[in-house]
Amino acid sequence: MSRRQRRSARPFENLGSLETPIPISTGYARLSRENDGSVLLDINGMPSSHLHPDPEFLVFEYMRWMQLVIELQLAAGDVRSSAPQLAHLGGGGCSLPRALAAAHPDSRQIVVELDALLAEQVRPWFDLPRSPQLRLRVDDALGALSAWRADRFDVLVRDVFSGSVTPPELLTVDAARQVARVLREDGLYLANCAAPPGSGMLADEVATLCTVFEHVGVIAEPAHLSGKRRGNCVLLASAHPLPEGVDRVLRSDPVSVRLARSAQVQALRRAGRVLV
């Protein structure tokens, strides 16, 4: 099906009730339909996912940045010769896994979601692909990460929040070591970091990842990179050099966002503390 056909198809015919609280295991969800046919999913009053009728179109900026980098990663190296294996810590409405499944139908993805009732409902709500293309696992993110076998994934994404913050146990050097363990030799880790201004969290995360991974990058708007404004930054980490052309493809995004220069990453590393 072409992108134009996906846009014209009637989307999301099995949604739950709109604009009303829907009980889930961790509280409540709310679904809102936008004028363009997209659906915003709030979890306990916080925006969680925004799903467009075209599954490959991502509304949240940081997810678009992740998508661009993952596309570069999947186009390079040994990933081209086999079905890509991807894992996502944090599910929500599965916007990014849905987009990647549409672009790479041969890929195999596993999404870890803590909320059992939410995981049960998002598949029919958003017409998510079935297993094995997209598998939903109800589990604690760190528990799933620790249980996976070594050298399993080409890409691992962390997008886990408790309220507006990432659970601290996922920010530690031990968690980073677990990530490195489950990634294949040339695998790539992407993490959503929403650091409050003045918290130093971005620098701490960079410092922590740099103790485990040889190559670490940061995708951010200038105000976010300097810590002057809260916003979503994307951290990249790998044992191998990061995919070529990241900064080039980011220039296609409507937001003025860049891959931080090496000197900027090293400055963050020096300013941060390793989280244990």
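Helices are DSSP runs of H or I with at least four residues, numbered from the N terminus. The exercises below use this numbering on a predicted model.

**Exercise 1. Pairing within a helix**

Task: Find what joins the side chains of aspartate 174 and arginine 177, and state how the two residues are placed in helix H6.

Solution: 
- Step 1. A salt bridge requires a side-chain nitrogen of Lys or Arg within 4 Å of a carboxyl oxygen of Asp or Glu.
- Step 2. Aspartate 174 and arginine 177 have an N to O distance of 2.9 Å, and their side chains form a salt bridge.
- Step 3. The two residues are about one helical turn apart, because three residues separate their positions in helix H6.
- Step 4. Arginine 177 has 48% relative accessibility and so counts as partly exposed.

**Exercise 2. Two further salt bridges**

Task: Describe the pairs arginine 273 with aspartate 204 and aspartate 247 with arginine 251, and classify each residue as buried, partly exposed or exposed.

Solution: 
- Step 1. The whole structure contains seven salt bridges.
- Step 2. In one of them, the closest N and O atoms of arginine 273 and aspartate 204 are 3.5 Å apart.
- Step 3. The limits needed are under 20% relative accessible area for buried and over 50% for exposed.
- Step 4. Arginine 273, at 54%, is therefore exposed, and aspartate 204, at 7%, is therefore buried.
- Step 5. Aspartate 247 and arginine 251 also form a salt bridge, with 3.0 Å between the closest N and O atoms.

**Exercise 3. A buried charge**

Task: Aspartate 115 is buried and has no salt bridge. Which polar atoms and residues surround its side chain?

Solution: 
- Step 1. Aspartate 115 sits in the loop that runs between strand S6 (108–113) and helix H4 (116–126).
- Step 2. Arginine 123 is the nearest side chain of opposite charge, at 14 Å.
- Step 3. Leaving out residues up to four places away in sequence, aspartate 115 touches Ile24, Ser25 and Thr26.
- Step 4. A polar atom of the aspartate 115 side chain is 3.0 Å from the backbone nitrogen of serine 25.
- Step 5. The side chain of threonine 26 makes a polar contact with that of aspartate 115, at 2.5 Å.

**Exercise 4. Pocket and cavity**

Task: Give the volume and lining of the largest pocket and of the largest cavity.

Solution: 
- Step 1. The largest pocket has a volume of about 1,000 Å³.
- Step 2. Its lining comprises 44 residues, and those nearest the centre are Ser48, Asp159, Val160, Phe161 and Ser162.
- Step 3. Among the elements that give two or more residues to this lining are helix H2 (61–74), strand S5 (85–89), helix H3 (95–103) and strand S9 (183–194).
- Step 4. S4 contributes the most to the lining of the largest pocket, with four residues.
- Step 5. One cavity of 30 Å³ or more is present in the structure.
- Step 6. The largest cavity holds about 60 Å³ of space.
- Step 7. Residues lining the largest cavity include Arg158, Leu170, Tyr189 and Glu205.
- Step 8. Helix H6 (173–182) and helix H7 (201–210) each give at least two residues to the lining of the largest cavity.

Terms used. Residues numbered from 1 in each chain as written. Predicted model: local features only at pLDDT ≥ 70, side-chain atom pairs only at ≥ 80, totals over all residues. Heavy atoms only, no water. Buried < 20%, exposed > 50% of the residue type's maximum accessible area, 1.4 Å probe, protein only. Lys, Arg positive; Asp, Glu negative; His and termini not counted. Polar contact = N/O pair within 3.5 Å; in protein donor to acceptor, adjacent residues only side chain to side chain. Contact = heavy atoms within 4.5 Å. 1 Å grid on protein atoms, 1.4 Å probe; cavity = no way out; pocket = protein on both sides within 12 Å on 5 of 7 lines; lining within 4 Å. Points joined across faces, edges and corners; volume = space filled by probe spheres on them.
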